[in-house]
Every structure is written in C-alpha cells, then in structure tokens.
Amino acid sequence: MTRAQAEPRTELLLALADDELILGWRNSEWTGIAPFLEEDVAFSSIAQNEIGHARALYELAARELGGDADSIAFDRRPEEYRCAPLVQLQLVPDWARTIARHVLYETADAIRVEALKDHEDAELAGIAAKIEREEVYHRLHAEMWLERLRSEPRYVEAVEELWPYALGVLDADLRPALAERVGRDEVEAVERTAPGEEFAALWAEMTMVRRSAPVGAQW
Amino acid sequence: MVTEAAVWEALAEIPDPEIPVISLVDLGVVKSVSVDAARVRIEFTPTFMGCPALEVMRTQMEEAVAALGAEPQVDVLLDDSWSTDRISPTGREKLREAGFAPPPPRTESAPTLLQLQQPVHRCPYCGSTETRLDNLFGPTPCRSVRYCGSCRQPFEQFKTI
C-alpha cells in the first residue's frame, strides 16, 4: 500500500480511523500514571473505545484495499498514515495539555461525526451513528474537565497552543462550526501532512509486536 | 434439519463472556437467524465497538451452530442497530440481581452530565435512588461507577447508548 490516493470514501475512512487509532494510543499512555485512579480508568476506557472505532473503520476500508483491520492499522509505513497532527503529539505527562487536546478533539470529532451521520453512503452513516453513541460519554468527560480547568493559566495556554492543530482535524468546510463551538477565531490550521519524528517513534512502538512476528501470524 | 427455533434456543444458552449472568440473546446482539438447508446465518450486532468480548461471542455462536450439525455464517453488522434498549426485560432483571444497575431507556436527546449527576438512578442492592455518579467510566466501557448513599455500596451502572 502506498500513500497514493485511494477512493475518496477510503481516504475519508483512513483519515478518521488513523485519528482514532493514534489518539487511542496516546490516551492509553496515561494508563497507570494518570493523576488519580478514576482518570486511569477513564482514559483507558476512552482509548479502548477510540481503537474500537478505528477497527470498524479499517474493516470497511479493507473491502477496497484488501487485507484486514490489523494489516491496515499496523502494516503501513509511518509516512502512509493520514492522522491529524493534533493526535500525534505526545503530551504525557502534561495533564493540562492532555485535557486541552481531549476537549478540542472531542468537539471537532462531534462535528465531523454529525456530518457523517447524514452521509449519502448508508454504511458510513450507520457506523457514524454507532460511533456517536459512545462519543457522547467522551464529551461528557471532557466537559467535566473543562468546567474544572477553564480558568487555569496552564489550561488556557494549552488551548492557545493546540487551537491551530484542532482546526486541522476537520476539512475546511467544517472549521467555522468548530470555531463557533469553541468560541475562538479561525486561524491558520496545522494541516495533515506526512507524519514527523514524534509519530515515527509512536509507530515503532505500536507496530513492534506485529513486525516481530512472521508474516501471516494469527493473533 | 436445523430449525430457527433450535438455533435461537442454542444461542440463548451462551453467556455473555464478561457478564455471564446474561445470555447473548438477552443482551440483544443477535439481530436475526435464518436457516437455509444446513447453513445457518446469524446477523450479529456488536455492543461497544472496542469490546474485547466480541470475538469470543462470535466464536461461541459459531460453535453452538456447529454443535447442531449446521454450518455457521456469522455476519457482523457495523451499522447502528444495537442499543442498550435491545437488552430484554429478563436480561435487565438478571443484571439487577447480579448487582449491575440496568441502563435507563434511551431518550430523544443524548444524556447530559446534569442528568447523570441527578439522584434518580436506582441502587441495584437496596433500591434507593440516593446514588451519586463516582466515575463516568468503569471496569469496562459499557459501565459507569455510582455510589449508593443509602446502603453505602458502590455499584456499576450500565451506560445508555
């Protein structure tokens, strides 16, 4: 598989699935070291949900690309991933930036999933509706933290820093809706480009087991 | 010749891998069963998409059909057809008896933090509604953790999805 353009529907599925997989991976980095036990549990569950969404989306993409969810998730080269720069950032152990990303990503993702629910492709619309049912709880969790941290200087600074990245999660036509929901002006977005070094390190760790096994190994 | 009824009966014997008090049929994950000669097709609608029990459920259904002497075909539906409203009344009662508060019915709009924080959720142990939300997330993605102020018992509350 190369970064050559796939069908538009598959491109869309891969971008969405890569976002969910990589954010799920980043969220799981808090497992065991979150500020308190409830957050260990919450971030681990959210990570599990996001990776579940990625799996379902990869399965749909696999119908065009061949292979299965695992091969699309783990057998591509780092430069072939489509994920937005926001989800690639390694934010552990910075809780303020983690919550800022959580709030911004979940807000952006809600807008994207709402739009997908109305997609003319019934399969995409169905999967989006199913994803949305779970995402509601991610947003409630984000909302709870936003209430706690909204005036904290470190949080405010983190949102300032990550705002251009948040815009980059969405296609240009959906960005005004995000700006309105977050209550900020649109600025130049950090766009999806070939992933950088921070991602390469994540990729190396994420695919380590897969690469260590012989081709065709069953899990 | 295998009948649809026999397949449903066999599936009703399979416990949920994570909460074995409830069967896959009570959980509502079997959307349809159709029999064509010796081939049995099951439409399986997953619960939470990242649930690790899904693979186990699928294998168990295949084994149950094979045990009836038929060839199984389990199709996983990625659509929006499962919700917690599909858990049967029997299933809800079994959950309650095992200490899991069953999910409140779905409403038009998504749940809000305010609703979840209100003391209207009933404790599965003592029946009191004097309960508070401790954590939106719990041991698995499908559950939250609440605390009953009346019998002082923490309990798991199924999320409505």
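Two strands count as paired if DSSP finds at least two bridges between them. Strand S4 (residues 100-101) of chain B meets that condition with S7(B): two bridges join them, and the strands run parallel. Within this pair, Phe100(B) has Glu156(B) of S7(B) as its bridge partner. The model is a predicted one.

Step back to the domains of chain B. The domain assignment gives domain 1 (4-76) and domain 2 (101-158). Taken over C-alpha atoms, the centres of domain 1 of chain B and domain 2 of chain B are separated by 29 Å.

Val145(B) stands opposite Glu156(B) in S7(B). Arg143(B) has Phe158(B) as its bridge partner in S7(B). Four residues lie between the strands of the hairpin of S6(B) and S7(B). There, Arg152(B) takes a positive phi near 55 degrees.

Now cross to the next strand. Strand S5 (residues 131-135) of chain B pairs with strand S6 (residues 143-148) of chain B over four bridges, in the antiparallel sense. Asn135(B) has Val145(B) as its bridge partner in S6(B). Glu156(B) in turn is the bridge partner of Phe100(B).

Next comes another sheet of chain B. Three strands form an open sheet in the order S1-S2-S3 (chain B), with mixed pairing. Its edge strands are strand S1 (30-36) and strand S3 (71-76) of chain B, each of which pairs on one side only. From one strand to the next, the twist averages 15 degrees. Strand S2 (residues 39-44) of chain B and S3(B) run parallel and are joined by six bridges. In S3(B), Val76(B) is the bridge partner of Phe44(B).

Helix H1 (residues 4-11) of chain B lies across S1 and S2 of chain B, at about 140 degrees to S1(B). Helix H3 (residues 53-67) of chain B lies across S2 and S3 of chain B, at about 155 degrees to S3(B).

Turn to chain A. Which residues of helix H9 (residues 197-206) of chain A are buried? They are Phe199(A), Leu202(A) and Trp203(A). These residues are on the same side of H9(A) because they cover an arc of only 100 degrees around the axis. In general, an α-helix has 3.6 residues a turn, so residues three or four places apart point the same way. Glu197(A), Ala204(A) and Glu205(A) are exposed on the other side of H9(A). The cover over the buried residues of H9(A) includes helix H1 (8-28) and helix H4 (85-88) of chain A.

Last, bring the chains together. In chain A, 25 residues are in contact with 18 residues of chain B. On the side of chain A that touches chain B, the elements giving two or more residues are helix H2 (37-65) and helix H6 (122-149) of chain A. H2(A) supplies the largest share of that side, 13 residues. By class, the side of chain A that touches chain B has eleven nonpolar, seven polar and seven charged residues.

Notes
Residues numbered from 1 in each chain as written. Chains lettered and ligands numbered in written order. Predicted model: local features only at pLDDT ≥ 70, side-chain atom pairs only at ≥ 80, totals over all residues. Domains from an automatic or database assignment. Buried ≥ 20, exposed ≤ 12 C-beta atoms within 10 Å, placed from the backbone. Arc of directions from axis to C-beta. Contact = placed C-beta atoms within 7 Å. Axes fitted to C-alpha atoms, helices over the stretch in contact; angles between N-to-C directions. Nonpolar A, V, L, I, M, F, W, Y, C, P; charged D, E, K, R; others polar.
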